[in-house]
Amino acid sequence: MRLGPLSLESNLFLSPLAGYTNLPFRLVVREIGGVGLCTTDLVNARSLIEQRERALKLVETRPADSPLAVQLFGSVPEEMRDAALIVEARGAVSVDINMGCPVKKVCKVGGGSAMMTELDKTTALVRKMVGAVKIPVTAKMRLGWDDDNLTAPDLARALEGAGVAAIFVHGRTREQGFGGTVNLAGIRKVVEAVENIPVIGNGDIVTPQAAKKMLDETGCAGVSIGRGAFYDPWIFRRTLQFLTTGELPPEPSFDERVRVMRRHLDLMIEVFGEELGCRMFRKVAPWYSKRFGPCHEFNKKIVQFGTRGQFETILENYIRWRAQFLDDRGELQPRYQPAPMVASFMRDPASTQREHIPVPKGPVEVW
């Protein structure tokens with residue numbers, strides 16, 4: 001698909017997730033394949049202008065991490081414009097504006113979801129950014145502040161007039177956070193509100209079937225996947241195959257999950273150093289283990305490891321412990337297999353399943 005002048009290999013996007021979609025994870029996803037464009041964690045525009053270490057680490061990249069978009073948040077037009085120029089100079093192919101983050105510390109300074117409540121001010125800010133850079137400027141929003149203020153269609157229409165190249169819309173309100181059901185009809189209204197730019201749908205894409213349903217029922221041009229990619233970094237490749245051929249690829253094997261988890265840790269250590277990389281990976285490993293089957297023996301140990309060697313010892317001990325749940329072919333016995341992932345908008349309303357995807361404690365819970 002196209003994003004302004006930018007040609008992408010697929011219509012599948014990695015969503016920004018604060019604290020998670022750093023360089024190591026983006027590289028993992030790219031190595032597996034299928035993703036069209038990855039986006040950084042949200043970056044404070046002022047911090048980037050001031051060249052603060054944290055902001056620079058968030059936009060760290062390398063040739064294999066391409067094409068890359070950088071997501072900015074802020075509410076001061078001049079700061080957002082200058083930060084966009086920095087992003088462009090650093091080689092990003094696109095700059096995304098965060099208008100969807102529901103966390104209070106972002107909204108209270110006028111960024112994130114708060115930008116959806118002041119249409120004229122937000123449009124002026126975007127127009128200033130679009131006029132300053134040559135790369136596409138996109139915007140990521142929610143359906144609105146709450147169910148009584150579903151402003152996304154009006155905002156999308158105004159932003160198209162201001163020159164944005166695409167709209168990313170999460171099918172929930174700011175008030176919902178990550179709970180409740182993704183509103184496909186709400187995403188469709190955003191699609192219908194614009195004339196010439198693509199709308200990318202987002203929210204609860206946890207399977208290839210969910211991606212297809214969102215595409216079919218909303219008319220959106222592509223889908224952006226965040227937490228679903230942490231449960232399944234293979235989801236982009238599997239979804240692309242499903243959309244292209246109609247054949248649903250199987251979930252990756254346990255051995256493949258372990259291989260990619262190890263690769264992810266290697267990259268964390270390479271980028272952040274062993275001490276910090278291992279500490280950061282304590283909140284990442286449980287995402288992988290969610291699909292291991294019985295995993296409490298792994299999870300209770302993995303939150304304390306501090307070296308690559310300790311990780312390997314924990315993993316090897318876990319693999320031996322897990323063997324008791326396998327059949328003669330080395331596969332999990334049916335009663336121990338994890339339940340299928342199901343998007344909120346594909347569940348039976350009377351179902352007793354959880355209303356939202358469980359996530360480990362950390363910044364993404366309030367992002």
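Mentor: Helix H8, residues 184–193, is capped at its N-terminal end by asparagine 183, a side-chain oxygen of which lies 3.1 Å from the backbone nitrogen of alanine 185. Helices here are DSSP runs of type H or I with at least four residues, strands are runs of type E with at least two, and both are numbered from the N terminus. The model is predicted, so local features need pLDDT of at least 70 and side-chain atom pairs pLDDT 80 or more, while totals for chains, interfaces and linings use all residues. Residues are numbered from 1 along each chain as its sequence is written, and side-chain values use heavy atoms, leaving out hydrogens and water.

Within H8, the buried residues (under 20% relative accessible area, with over 50% exposed and partly exposed in between, for a 1.4 Å probe and protein chains only) are Leu184, Gly186, Ile187, Val190, Val191 and Ala193. An α-helix has 3.6 residues a turn, so residues three or four places apart point the same way. The buried residues of H8 pack against helix H7 (152–162), strand E8 (166–170), strand E9 (199–202) and helix H9.

H9 leads onward to another helix. H9, residues 208–218, packs with helix H11, residues 235–245, at an angle of about 55°, and their axes are 9 Å apart. Axes are lines fitted to C-alpha atoms, for helices over the stretch in contact, and angles run from 0 to 180 degrees between N-to-C directions. H9 and H11 are therefore oblique to each other; under 35 degrees counts as roughly parallel, over 145 as roughly antiparallel, 65 to 115 as roughly perpendicular, and the rest as oblique. Where the two helices meet, with contact taken as heavy atoms within 4.5 Å, H9 contributes Pro208, Gln209, Ala211, Lys212 and Leu215, and H11 contributes Arg238, Thr239, Phe242 and Leu243.

Leu240, which falls within the residue range of H11, is among the residues touched by serine 10. Serine 10 sits in the loop between strand E2 (6–7) and strand E3 (12–14), and is buried, with a relative accessible area of 6%. Leaving aside residues up to four places away in sequence, serine 10 also touches Met1, Gly34, Val35 and Gly36. Its side chain reaches the backbone oxygen of glycine 34 at 2.8 Å, and a polar atom of the serine 10 side chain lies 3.1 Å from the backbone nitrogen of glycine 36.

A further buried residue is asparagine 98, with a relative accessible area of 1%. Asparagine 98 belongs to strand E6, residues 94–99, and its side chain makes a polar contact with that of glutamine 71 at 2.9 Å. A polar contact is a pair of N or O atoms within 3.5 Å; within protein, one must be able to donate a hydrogen and the other to accept it, and residues adjacent in sequence count only if both atoms are side-chain atoms.

For the setting as a whole, the protein chain has 16 helices and 10 strands, and 56% of its 367 residues count as buried.
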